[in-house]
Amino acid sequence: MNRVQGVDVIDTVVFHNFKALRNTSLRLSLFNLVIGPNGSGKTSLIQALQQLRTLSQFPLGDAAMQSRSGGPEIAFTFTAPYSGIVARLGCTSDVLCDFLHVDCLDTASWLEVKCRLATLRTYVLDHDAMAQSSVRADSAVLESNGGNLAAVLAARQHEAPLAFARMEAELLRLLPEFTGIVIEDDSGGRVRFSLGIDGAGEPVRAENLSQGALYLLGLLVLSFDPTPPAVVCIEEIDRGVHPRMLREVRDVLYRLSYPESFGEKREPVQVITTTHSPYMLDQFRDHPDEVVITQKLGHEARFERLSDRLDLPELLREGTLGDMWFSGVLGGVPEQQ
Amino acid sequence: MKVAFLSESPADEAVLRVLVDAILGEPAQITPAGFRARGWPNVLQVLPAVIRHLHFNTDVETLVVTCDSDDSPVHTEAHEAPQYYHPHCRMCQLRAVFRQTSKRFPIAHGRLKVRRVVGVAVPALEAWLLCGRDSDVSEGAWINGQLAGRPPYTRAELKFRIYQTERPSLPHEIECALRETERHRRDLRRLEYDFPGFAALMKDLKSPA
Ligand SMILES: [Zn+2]
């Protein structure tokens, strides 16, 4: 497993009676691609992380947690030097986890974990929202749906011009039909963006860009962030992207987790992401340790690491990872009615 | 010569373009979008369609197909015997697909069939790139390792030696690959000698259609 001491944040997530996740655990790597059928727990995993972030920012609760034993619970452990901490999300129902209990001998350590968790971000990018103009001041972090993309671009260009320039150069390499990012004031303190094109043509306004171009720009904004979150969760990373471009999308995300490989000088970001594309899965042939398969059997779901499949080398002689997933050999497929 | 490529990645194709030009001694005319397979055995699956498409719908003269051998049996001199076919050797398999697919083709665009050019990199294209730089890397070394049950290096190690990371970005991969290819572009003899899977490609490319 690709584990660099002390760089990723969350070590394991253990689910107990939470929706379909009756009794399963997942050891997270630095980079995690989660695949599986709808309703198998991919989104539950990301929601649990989001809720951990939210509740971790409140003062810690007391022993009231004990009285809820037997109900749904999600427990988290953390990587060294925080491996002594266990954080438990208590849930009043399948859909509401509203209590956090932390077992920790050392309060200072928890405060450090809390600081890192505060930066955790989850994304389900929405191209319609991303194309809108946004309030210039609303630029601290990219919103969950990417809705303030224009404001974040404007702030990045102003506050981190070098990072902006590198991100723009990467965008133009990936989408060579464009010549630059154009940011303009809109009415009412709002800002909007377009992408310039060659020749005398008018720049293409955000609302006229393809979905794929908007998603790609959103991912680039995240991966070229000079001060990124400690943990980033992104759903459906393959949307709107040509299958031959998926390697590039993978690399945009790898930049977050493996900054050194991409010439970045900052801490690695723990990434948890999902896809339904067999072609995206093909990009992980050399790194099966980064792939998590959610298996659904009846009303119960569990997580498996692809690298735990002992017959993987033989399977890869007979087909690509994507083919094997689609065929059902790897599991992680919808059940037949 | 009008040449099309079927390869596993844009980086592989970039290398092959340089090598093919070096073998021909002049720039080939290359089809704009290279054909791509998603690794083995997808190469085998798409190859018949690519051959038929090129034969009937284009005037391309030559199709260059390359793949990595990974841990499959390496094509040896013994496989060259008439009628010999090794069912797990990728060179034998790819050549058989060419043979079977174009067996009863009518003349189209003034030619009987598209020239077959097959190369198999043992165990991966990165070994070709390291040839002449890292003296322990050769097809013979790999075969000896297979016989001894102890491979001399892994795919991942070869990649790391070139890219200095297990996860190169595509531009970095292409840049490093082309830098190493430059040595071969100037002089192909070492690559031809140390890698029969490349020598076979050279021979195919120089053969009459
Ligand atoms: Zn053979």
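Predicted model: local features only at pLDDT ≥ 70, side-chain atom pairs only at ≥ 80, totals over all residues.
Helix 6 of chain A, spanning residues 211-223, packs against helix 4 of chain A, spanning residues 149-159, with the two axes 11 Å apart and at an angle of about 45 degrees. The angle makes helix 4 of chain A oblique to helix 6 of chain A, and the crossing of the two is left-handed. On the side of helix 4 of chain A the contact is formed by A:Leu149, A:Val152, A:Leu153 and A:Arg156, and on the side of helix 6 of chain A by A:Leu217, A:Gly218 and A:Val221. Five of the residues in this contact of helix 4 with helix 6 of chain A are nonpolar, one is polar and one is charged.

Helix 6 of chain A also packs against helix 5 of chain A, which covers residues 161-174; here the axes are 10 Å apart and the angle is about 150 degrees. Since angles over 145 degrees count as roughly antiparallel, helix 5 of chain A is classed as roughly antiparallel to helix 6 of chain A. Helix 5 of chain A passes helix 6 of chain A in a right-handed crossing. A:Met167, A:Glu170, A:Leu171 and A:Leu174 of helix 5 of chain A make the contact with A:Leu216, A:Leu217, A:Leu220 and A:Val221 of helix 6 of chain A. By class, the contact of helix 5 with helix 6 of chain A consists of seven nonpolar residues and one charged residue, with no polar residue. A:Leu217 and A:Val221 of helix 6 of chain A take part both in the contact with helix 4 and in the contact with helix 5.

A further helix pair in chain A is formed by helix 1 (residues 42-56) and helix 2 (residues 107-118), whose axes come within 9 Å and cross at roughly 125 degrees. Helix 1 and helix 2 of chain A are therefore oblique to each other, and helix 1 of chain A passes helix 2 of chain A in a left-handed crossing. The residues that meet are A:Leu52, A:Arg53 and A:Ser56 from helix 1 of chain A and A:Trp110, A:Lys114, A:Leu117 and A:Ala118 from helix 2 of chain A. The contact of helix 1 with helix 2 of chain A comprises four nonpolar, one polar and two charged residues.

In chain B, a zinc ion is coordinated by the ND1 atoms of B:His75 and B:His79 and the SG atoms of B:Cys89 and B:Cys92, at 2.0 to 2.3 Å. The angles among the four donor atoms are 106 to 114 degrees, and the site of the zinc ion is tetrahedral. The donor residues of the zinc ion follow the spacing H-x3-H-x9-C-x2-C in sequence. B:His75 and B:Cys89 both lie in the loop between strand 4 (62-68) and helix 3 (90-101) of chain B, so this pair ties together parts that are 14 residues apart in sequence.

Most residues other than glycine have a negative phi, and most peptide bonds are trans. In chain B, a cis peptide bond joins B:Trp40 and B:Pro41, with omega about 0 degrees. B:Pro41 is placed in the loop between strand 3 (35-36) and helix 2 (42-57) of chain B. Another cis peptide bond joins B:Val122 and B:Pro123, with omega about -10 degrees; B:Pro123 lies in the loop between strand 5 (115-121) and helix 4 (125-130) of chain B. In chain A, A:Lys19 is not a glycine but has a positive phi of about 50 degrees. A:Lys19 is found in the loop between strand 1 (10-18) and strand 2 (21-27) of chain A.

Note on methods. Residues numbered from 1 in each chain as written. Chains lettered and ligands numbered in written order. Heavy atoms only, no water. Axes fitted to C-alpha atoms, helices over the stretch in contact; angles between N-to-C directions. Helix = DSSP H or I, 4+ residues; strand = E, 2+ residues; numbered from the N terminus. Parallel < 35°, antiparallel > 145°, perpendicular 65-115°, else oblique. Left-handed = near helix turned anticlockwise from the far one by under 90°. Contact = heavy atoms within 4.5 Å. Nonpolar A, V, L, I, M, F, W, Y, C, P; charged D, E, K, R; others polar. Donors = N, O, S within 2.8 Å, 3.2 Å for Na, K, Ca; no water. Tetrahedral: all angles 85-135°; square planar, octahedral: opposite > 155°, others 65-115°.
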